[in-house]
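Welcome to the tour! Open your viewer, switch to a cartoon view, and get ready to select residues as we go.

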Amino acid sequence: MSNWGKVAAGAALIAVMAVPVLGYDGIGRPATPAEINAWNIDVRPDFQGLPKGTGSVAQGQAIWDNKCASCHGTFGESNEVFTPLAGGTTKDDQRTGHVAALAGNNVPQRTTLMKLSTVSTLWDYIHRAMPWNAPKSLSVNDTYAVTAYVLNLNDVVPDNFVLDQDSIRAVQAKMPNRNGMTQAHGLWLTSGKGDTHNVACMKGCPAVLTISSQLPDYARNASGNLMEQNRSFGPVRGVNTAVATAAPAPAPVVATVPSAKALAESSNCLACHGVDTKIVGPAFRDVAKRYAGKPEMAASLAAKVRAGGQGAWGSIPMPPQDQVTPEQAKTLVDWVLAGAQ
Amino acid sequence: MNFDQRGKLVRAPEHFLNHEDIAAVQAGRRDFLRGAMLAAAGASAAMAGTRALAEDGDPEILNLPPWSKTLGKPVASNPYGQPSKYETNLLRRESPGLTRVSAASVAFAPLQGLFGIITPSGLHFERHHQGWQDVDPKRHRFMINGLVKTPKVYTMDDLMRLPSVSRIHFIECGANTGMEWGNVAVPTVQYTHGMLSCSEFTGVPLRLLLEDCGYDKLHGKYVLAEGADGSSMTRTISMERALDDVLVAYGQNGEMLRPENGYPLRLVVPGVQGVSWVKWLRRIKVGDMPFATKDESVHYIDLIPGGQHRQYTSVQEAKSVITSPSGGQALVGKGFYNITGLAWSGRGKVRRVDVSTDGGRNWRTARLETPVLTKALTRFNLDWVWDGSPALLQSRVIDETGFVQPTIVQLRAMRGKKSIYHNNAIQTWAVAASGEVSNVQLG
């Protein structure tokens with residue numbers, strides 16, 4: 001009998017046995033202890049709900065390498081699929097309960113362990129939702145072990161640590177950002193008060209008219225061609241961002257043959273590759289660096305642009321780009337290898 | 001600009017007819033005029049792309065189109081109706097580079113072309129933490145446990161037999177406009193504000209169900225909502241909110257919820273950020289303290305200067321945005337336009353919306369279109385004649401508590417630039433002399 005069959009059979013039994021006197025006759029039924037047990041998986045900061053169990057850092061590492069490292073990196077450092085889990089905290093943070101790097105407000109990435117204030121959260125989430133493609137497949141002991149390994153990545157627990165329902169309480173007292181949360185704000189309750197105090201001036205108001213930020217020209221097409229994201233009738237049109245120059249005003253200096261860079265823009269290459277920075281795929285400059293002095297690679301790279309590939313730059317696959325012709329692919333690859341100017 | 005402006009009568013450029021053309025006119029051939037005009041238009045930068053007309057009128061009027069002269073399709077040829085084949089551009093879209101895996105990502109609603117306040121269900125924004133599921137309603141169960149007299153299980157049959165209410169509410173992700181905290185990052189209102197939708201939801205007040213289970217009125221201070229999907233998303237909601245206007249909803253815009261929006265059951269938490277509107281809702285647990293789940297301890301926490309994070313930030317404060325003209329659009333020419341946009345507040349109704357076309361120096365009060373509902377999108381409109389000179393468009397909402405939407409400068413003064421969440425700043429769109437509109441920040 002399937003689990004669902006068992007639940008149904010149990011439900012039928014209870015419907016006969018217990019008829020509680022409630023407002024809405026015949027609606028709903030009492031949950032059985034087994035049903036509550038099956039779903040009542042939340043673990044609170046005071047560890048209510050935490051089942052008994054045990055797992056060591058070493059056991060956690062074995063599970064990690066097998067089920068977690070492909071997305072999170074061997075040391076929880078990977079920024080490829082998800083934001084990094086580990087890094088960014090110090091022994092001193094464990095003492096103060098405040099992650100000092102957050103105060104500077106200038107760290108490029110805030111890792112999970114920099115932000116996390118409660119160790120119960122880590123246990124609860126790993127148990128309910130990990131691994132990402134097979135949630136709820138870790139046993140209680142597996143969950144203790146993986147939690148121990150993640151804590152060990154930030155030196156919150158030593159290499160030989162064994163985490164269980166009791167030792168986890170001492171871990172809480174070492175969480176690097178345990179004092180890093182505040183509920184002193186107006187956004188918890190509907191009746192709360194905001195922290196900004198604008199006034200509704202109507203005429204001759206003090207307004208700063210300096211434009212402090214706008215999209216750079218090279219990013220015009222980074223969200224796709226905006227012409228295709230608006231109706232072709234009505235009060236406005238979408239701007240055709242697939243063309244290199246936008247405004248009709250400038251004199252026709254560059255408007256003739258589309259450059260390789262414009263081709264890269266219109267072919268959406270820049271959605272995933274930065275010239276200098278990695279986005280989803282590698283930076284073009286890094287590609288140029290890797291293949292420097294290997295002009296014979298150009299042809300196979302051009303083929304790869306059109307066919308897609310995986311592995312050379314990590315696990316995230318590059319989808320096939322068959323909207324570009326073989327000639328265009330060659331133009332693009334030559335441009336990338338020449339430094340993507 | 002390169003616009004197709006069919007239907008506009010445009011004066012012909014002088015000398016655009018050659019002798020042969022004139023002879024053709026004299027011979028009674030009219031249709032060549034269109035072609036000749038097109039060639040002239042193509043040659044002239046000022047006329048680029050303008051589809052000109054024969055002098056005796058618009059061929060779309062003079063020559064009857066096929067739909068006026070043929071038999072149309074029978075009823076129910078589309079048993080579930082679809083948009084016109086011409087409506088292919090307004091789609092929900094991902095923002096390239098924002099997330100690395102599309103199962104834990106966002107698809108933004110195309111606000112730039114939507115009307116009124118109701119978001120078509122198929123264009124409702126999407127945010128999933130571990131992909132979306134199409135849950136079998138016959139196998140779906142909803143449980144209430146924790147600090148209650150009788151923990152109970154409800155089937156969809158049970159829930160849909162109970163007294164229901166229908167309410168129109170907005171839902172906005174706490175991270176909406178989050179990419180813009182530090183600088184302009186994306187070009188259009190779809191990507192700046194498109195984690196926003198508004199629907200009529202139908203369901204059972206959570207209060208009714210909590211009372212049905214006999215919740216502990218003394219110690220039950222919080223509820224935990226949990227999803228049935230792989231992520232089993234969980235969020236804490238204060239009992240004050242839970243007893244107020246929260247719904248356990250199954251209906252959306254007259255039909256069942258869409259799978260991407262939590263079919264067959266989701267929580268509706270009016271005024272509160274979308275992450276609390278747990279989809280594929282399987283459980284409510286009553287407790288005496290917040291639960292500090294992953295999405296209220298690692299994400300959806302607001303970093304403020306000094307290094308503290310604000311935890312349990314939930315309410316979406318008053319916010320508005322002009323949806324057209326907006327970034328990435330271009331005006332088709334000088335003259336009259338209807339500036340249109342959306343305003344909303346997680347604390348109640350919209351009281352007033354002001355619009356500026358000069359970057360916030362002078363403001364005019366916009367028309368609020370009915371209905372104006374609590375914790376719902378409100379549509380505003382304002383007449384505007386564009387004289388062809390550069391303009392800076394802004395909207396500013398005041399909600400019924402008197403709260404005035406802040407500028408980005410005011411927000412950053414309080415919360416720095418790294419918050420990610422709850423950016424409700426006044427949005428500026430710059431209109432260039434060319435008619436092109438772009439996303440800018442002032443200050």
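Which residues in helix 3 of chain A meet helix 9 of chain A? Before you look, keep in mind that this is a predicted model.

**Stop 1: two crossing helices**

Select residues 57-67 of chain A for helix 3 and residues 140-153 of chain A for helix 9. From helix 3 of chain A come V57(A), Q59(A), G60(A), Q61(A), I63(A) and W64(A); they meet D142(A), A145(A), V146(A), A148(A), Y149(A) and N152(A) in helix 9 of chain A. The residues of this contact divide into seven nonpolar, four polar and one charged. Two packed helices are described by the angle between their axes and the distance between the axes. Here the angle is about 95° and the axes are 7 Å apart, which makes helix 3 of chain A roughly perpendicular to helix 9 of chain A.

**Stop 2: a helix with a buried side**

Now select residues 298-307 of chain A, which form helix 13. Its buried residues are L301(A), A302(A) and V305(A). They cover an arc of only 100° around the axis, so they sit on the same side of helix 13 of chain A.

**Stop 3: where the chains meet**

Colour the chains separately. In this interface, 90 residues of chain A are in contact with 106 residues of chain B. Which helix of chain A gives the most to the side that touches chain B? Select residues 119-129 of chain A, which are helix 8; helix 8 of chain A gives six residues. By class, the side of chain A that touches chain B has 46 nonpolar, 30 polar and 14 charged residues.

Next, pick strand 5 of chain A (211-214) and strand 24 of chain B (residues 437-442). These two strands pair in the antiparallel sense over three bridges. Find I211(A), and opposite I211(A) you will see L442(B).

**Stop 4: a sheet in chain B**

Chain B has eight helices and 24 strands, and buried residues make up 51% of its 443 residues. Look for the open sheet of four strands in the order 15-17-21-20 of chain B, with antiparallel pairing. Strand 15 (319-324) and strand 20 (367-368) of chain B stand at the edges with a single partner strand each, so one side of each has no neighbour in the sheet. Strand 20 of chain B pairs with strand 21 of chain B (residues 378-386) over two bridges. To see a bridge, select R367(B) and its partner N381(B) in strand 21 of chain B.

**Stop 5**

Most residues other than glycine have a negative phi, and most peptide bonds are trans. Stay in the loop between strand 20 and strand 21 of chain B, where P371(B) is placed: the bond joining T370(B) and P371(B) is cis, with omega about 0°. Another cis bond runs from Y263(B) to P264(B), with omega near 5°; P264(B) lies in the loop between strand 10 and strand 11 of chain B.

Finish with S232(B), in the loop between strand 7 and strand 8 of chain B. S232(B) is not a glycine, yet its phi is positive, about 40°. Is S232(B) buried or exposed? The cut-off for buried is 20 or more C-beta neighbours within 10 Å, and S232(B) counts as buried because it has 25 inside 10 Å.

Conventions. Residues are numbered from 1 along each chain as its sequence is written. Chains are lettered from A and ligands numbered from 1 in the order in which they are written. This is a predicted model: local features need pLDDT of at least 70, side-chain atom pairs count only at pLDDT 80 or more; totals for chains, interfaces and linings use all residues. Two strands pair if DSSP finds at least two bridges between them. A residue is buried if 20 or more other C-beta atoms lie within 10 Å of its own, exposed if 12 or fewer, and partly exposed in between; C-beta atoms are placed from the backbone. The arc is that of the directions from the helix axis to the C-beta atoms. Two residues are in contact if their C-beta atoms, placed from the backbone, lie within 7 Å. Ala, Val, Leu, Ile, Met, Phe, Trp, Tyr, Cys and Pro count as nonpolar, Asp, Glu, Lys and Arg as charged, and the others, Gly among them, as polar. Axes are lines fitted to C-alpha atoms, for helices over the stretch in contact, and angles run from 0 to 180 degrees between N-to-C directions. Angles under 35 degrees count as roughly parallel, over 145 as roughly antiparallel, 65 to 115 as roughly perpendicular and the rest as oblique.
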